[in-house]
Amino acid sequence: MSTFRIHIDRTLCSGFGSCAELAPQALEVGADGIAGVLVGETDDPAVLDAASSCPMAAITVEAVEEAA
Amino acid sequence: MRDPTFWILARAAGLTAYVLLTLSILAGLIVRSKPFGKAVRQPTVIDLHRFLALLGLGAISLHGLALVLDSTVKISPAALVVPGLAPYRPLWTALGVLAAELIVLVYVSFALRRRIGARNWRRLHWITYGIFTAATIHGLAAGTDSSRAWAIWLYVGAVGAVGAGTAWRALTSGPAPRPASHSTTRPAIETNQLGGNR
């Protein structure tokens with residue numbers, strides 16, 4: 001099973017909020033209107049949808065392979 | 001007697017494309033302005049925005065194909081992509097060709113937004129207002145049905161809705177949010193990236 005590492009380019013984020021609705025356990029829109037990461041890594045594949053739906057392409061998800 | 005099927009199809013497809021384009025723009029304005037708050041899910045509206053644009057492109061393709069197949073006005077396949085080649089009201093049909101090509105550009109730019117840069121993608125998206133203006137003028141000036149009351153109301157409704165949505169956006173959005181600090185950003189991950197261009 002893969003673990004996903006999330007990175008948000010906060011300089012790109014425009015606060016559309018789509019990511020936080022798709023992966024609320026991993027991402028949120030802060031009081032400043034910018035998305036932030038709640039957990040650095042997660043095994044929830046919803047973060048992939050969150051990244052692909054971001055209009056500003058501000059979210060990058062890296063698959064971290066776990067050692068057997 | 002001339003078969004009017006393709007002529008009618010061309011007119012219907014053109015008007016359908018205009019309606020779909022208008023609805024796509026309105027969905028895009030909802031994504032930006034969030035007038036319904038949490039009652040409407042952002043991912044759903046983003047998908048709807050893109051799907052309506054894709055349907056609109058399909059209707060535009062049908063509009064062009066039907067015009068080529070119809071014999072009322074001689075329009076070559078080349079005239080569908082080269083503005084000004086169509087002999088019928090060349091200036092107004094050229095506007096339609098240009099608008100259609102720009103819609104393709106804006107639609108494709110979403111998938112390429114990582115490559116061209118999100119800021120360029122956003123700048124490109126502003127062209128949509130020009131596209132809508134060009135499509136409206138094209139429909140009014142080149143459309144066979146433009147003098148009919150229902151068609152006039154359709155254009156008035158579309159322009160009014162996009163105008164109202166834009167005014168709402170201008171009044172409520174303000175400047176784009178900016179993070180207070182960049183200190184939380186980490187270097188962009190270069191390898192094994194997921195989540196883009198899927």
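In which helix of chain B is B:Leu52 found? B:Leu52 belongs to helix α2 of chain B. The model is predicted, and the predictor assigns the complex an ipTM of 0.84 and a pTM of 0.86.

**Confidence**

- Chain B has a mean pLDDT of 88, with 87% of its residues at 70 or more.
- Residues 180-198 of chain B have a pLDDT below 50, and this stretch makes 35 contacts in the model beyond near neighbours in sequence.

**Surroundings of B:Leu52**

- B:Leu52 counts as buried because it has 20 C-beta neighbours inside 10 Å.
- Leaving aside residues up to four places away in sequence, B:Leu52 touches B:Leu20, B:Leu23, B:Ser24 and B:Ala27.
- The C-alpha atoms of B:Leu52 and B:Ala27 lie 8.6 Å apart, although 25 residues separate the two in sequence.

**Nonpolar cores**

- The largest nonpolar core holds 36 residues, of which B:Ala17, B:Leu21, B:Ala99 and B:Ala135 touch the most other members.
- Two or more residues of this core come from each of α1 (5-33), α2 (42-69), α3 (90-111), α6 (127-142) and α7 (149-172) of chain B.
- The greatest contribution to this core is that of α1(B), with twelve residues.
- Another core, apart from this one, has 24 residues, including A:Cys19, A:Ala35, A:Cys54 and A:Ile59.
- In soluble globular proteins, nonpolar side chains tend to be buried together.
- Beyond residues up to four places away in sequence, B:Ala17 is in contact with B:Gly56, B:Ala59, B:Ile60 and B:His63.

**Helix α1 of chain B**

- The 29 residues of α1(B) should span 42 Å at 1.5 Å a residue, and the end C-alpha atoms of this helix are 42 Å apart, which agrees.
- Just after α1(B), B:Lys34 adopts a positive phi of about 50°.

**Helix α6 of chain B**

- The buried residues in α6(B) are B:Ile131, B:Phe132, B:Ala134, B:Ala135, B:His138 and B:Gly139.
- These residues cover an arc of only 165° around the axis, so they lie on the same side of α6(B).
- An α-helix has 3.6 residues a turn, so residues three or four places apart point the same way.
- B:Tyr129 and B:Gly130 are exposed on the other side of α6(B).
- The packing partners of the buried residues of α6(B) are α1, α3 and α7 of chain B.

**Chain A**

- Chain A contains two helices and five strands, which follow the pattern β-α-β-β-β-α-β along the sequence.
- A compact globule of 68 residues would have a radius of gyration near 11 Å, and chain A agrees with this, having 11 Å.
- The C-alpha trace of chain A spans about 40 × 20 × 15 Å along its principal axes.
- Of the 68 residues of chain A, 51% count as buried.
- Among contacts in chain A between residues at least 6 apart in sequence, the share joining residues at least 24 apart is 58%.

How values were computed
Residues numbered from 1 in each chain as written. Chains lettered and ligands numbered in written order. Predicted model: local features only at pLDDT ≥ 70, side-chain atom pairs only at ≥ 80, totals over all residues. Core = buried A, V, L, I, M, F, W, Y, C linked by C-beta atoms within 7 Å. Buried ≥ 20, exposed ≤ 12 C-beta atoms within 10 Å, placed from the backbone. Helix = DSSP H or I, 4+ residues; strand = E, 2+ residues; numbered from the N terminus. Contact = placed C-beta atoms within 7 Å. Rg over C-alpha atoms; globule rule 2.2 N^0.38 Å. pLDDT = per-residue confidence, 0-100. Arc of directions from axis to C-beta. Expected span 1.5 Å × (residues − 1).
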